[in-house]
Amino acid sequence: MNMRKPLKCAAAIVSGILAFTAMTGAITAETTLSGSDIETLESVIAETSGEAVAEQESDEAEWWKAEITDYDSSLSLISYELTPEISQTENEETEEDAETEEVEDEIAQLPADDIISSTVTAPTPVESQTNGGVLGVIPEAQEKPAVNAQSGEFAFVTYGWGHGVGLSQNGANFYASYGGWTYQDILLHYYPGTYLMNTGTAGSETVSVQGVPGDVLSMVAGITYREVGSSMHVEAIKAQAVAVYTYIKYHGNSAKDLKCKANPPQNVIDACASVLGEALYYDGNFALTMFSASSGGYTASCYEVFTADIPYLRSVPSEFDAAYDPHYGSVKYKSSSEVKRLVEARYGITLSDNPANWFQLQTGTSGYVQNVIIDNQITVRGNDLKICLGLKSSKFEISFTQ
């Protein structure tokens with residue numbers, strides 16, 4: 001155990017909508033987002049929240065959320081129901097992976113300073129319910145796993161599950177369970193610089209999910225149940241519900257990429273009802289509330305993973321993920337011949353004869369791989385190589401045994 005510097009979340013609730021600032025400063029010159037294009041990006045990000053390529057492991061089982069649906073890669077680590085992973089061939093991409101690739105190919109071509117985000121009239125401040133986000137003694141991070149690659153094998157060590165941007169569902173549960181955090185502490189920690197307001201319209205408005213209309217409570221409860229199950233701490237469920245509703249509002253009352261799970265239990269419905277209408281704002285607009293299953297001890301900045309520089313989607317600590325997440329330090333082995341096949345097929349290059357020279361990682365400040373130089377020939381995004389090789393997270397390490 002070690003004592004770390006206490007964390008404090010901003011607990012102030014803004015009494016009015018802040019003046020709109022120059023949003024072009026939130027997007028880098030290299031990659032700017034606009035209109036329907038940013039909507040497409042967030043659709044992919046939300047769809048991949050808590051999701052990754054699932055691979056059958058012969059000697060271990062994995063933690064899956066409530067039940068496996070037609071989206072078999074929809075991993076969430078909250079409900080802790082032990083179910084074997086769904087097998088998938090190494091070179092087969094999920095639907096979400098393919099969409100992520102398409103969006104990332106388009107980002108660099110998007111026009112500048114044309115961000116579209118829905119706003120509402122006369123929202124009201126939400127009463128503060130925070131404890132300040134102060135933590136005392138925090139468990140030390142898990143030891144790094146032993147790597148026992150055979151000659152001619154690569155070892156890929158990953159930390160966390162999912163893209164790692166925004167809310168960590170596992171981290172939220174741990175903060176509530178072990179840190180005594182409220183849902184507001186959780187939200188203001190994972191989305192720094194945002195503030196909570198109540199739209200005042202949730203009781204009467206209709207929203208749509210996958211093109212199906214419904215009342216806000218039913219839709220938010222169904223999505224929240226699918227994302228985090230029903231066994232996590234009530235404050236974490238409430239935080240997820242606010243993130244879901246904000247995401248729907250950001251996209252103009254429509255979430256074509258999220259999915260509901262039928263028959264949410266009463267505790268999930270009650271948790272969602274208790275925060276009905278509450279949404280996160282940034283500079284007078286709804287925030288883009290991304291979420292994923294777990295982080296590698298720190299969340300990723302949006303820029304590191306998806307190239308878009310969004311001020312409230314930056315790296316923040318998520319210490320309990322490092323201490324307790326069962327996917328912190330997962331090891332995957334691949335032969336050099338298999339890696340060669342996958343990389344050459346994806347990028348249309350011919351790798352050199354020395355596998356030790358194939359990958360040079362350029363890692364961001366939070367530990368997520370931002371870029372990878374492949375064999376001194378091309379540079380790709382870390383998230384793209386993750387998809388290529390079927391890794392769990394963009395926070396990874398690579399080693400090769402001669």
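Mentor: Contact means heavy atoms within 4.5 Å. This is a predicted model, in which local features need pLDDT of at least 70 and side-chain atom pairs count only at pLDDT 80 or more, while totals for chains, interfaces and linings use all residues. Residues are numbered from 1 along each chain as its sequence is written, and side-chain values use heavy atoms, with hydrogens and water left out.

Trainee: Which residues touch the most other members of the largest nonpolar core?

Mentor: A nonpolar core is a set of buried Ala, Val, Leu, Ile, Met, Phe, Trp, Tyr and Cys residues joined through side-chain atoms within 4.5 Å. Buried means under 20% relative accessible area, exposed over 50%, and partly exposed in between (1.4 Å probe, protein chains only). In the largest core, which has 66 residues, the members that touch the most others are Ile186, Tyr191 and Leu313.

Trainee: Which helix gives the largest share of this core?

Mentor: Helices (H or I, at least four residues) and strands (E, at least two) are DSSP runs, numbered from the N terminus. The largest share of the core is 11 residues, and it comes from helix H6 (residues 234-250).

Trainee: What is isoleucine 186 in contact with, leaving aside its neighbours within four places in sequence?

Mentor: Isoleucine 186 is one of the buried residues of H4. Its contacts beyond those neighbours are Leu167, Ala172, Tyr175, Ala176, Trp181, Glu235, Ala236 and Ala239.

Trainee: How many residues of helix H4 are buried, and what covers them?

Mentor: H4 (residues 183-190) is mostly covered, with 8 of its 8 residues buried. The cover includes strand E7 (167-168), helix H3 (169-179), strand E8 (195-198), H6 and strand E12 (278-282).

Trainee: Is the pair of tyrosine 175 and tyrosine 190 stacked, edge-to-face or tilted?

Mentor: Rings of Phe, Tyr and Trp (its six-membered ring) pair if their centres lie within 6.5 Å; planes under 30 degrees apart count as stacked, over 60 as edge-to-face and the rest as tilted. The whole structure has 17 aromatic pairs. In this one the ring centres are 6.0 Å apart and the planes stand at 55°, so the pair is tilted.

Trainee: How many disulfides does a search of the whole structure find?

Mentor: A disulfide is a pair of cysteine sulfur atoms within 2.5 Å. Cysteine 302 is buried at a relative accessible area of 0%, and cysteine 388 is buried at 6%. The number of disulfides found is 0.

Trainee: Why is helix H11 largely enclosed by the rest of the structure?

Mentor: H11 covers residues 382-389, and Cys388 is among its buried residues. Just after H11, glycine 390 takes a positive phi of about 70°. The helix is largely enclosed because its buried residues number 8 of 8.

Trainee: Which residue in E17 stands opposite phenylalanine 359?

Mentor: Two strands pair if DSSP finds at least two bridges between them. Strand E16 (residues 359-363) and strand E17 (residues 369-374) pair in the antiparallel sense over 5 bridges. They form a hairpin with 5 residues between them, and glycine 367 in the turn has a positive phi of about 95°. Opposite phenylalanine 359 stands isoleucine 374.
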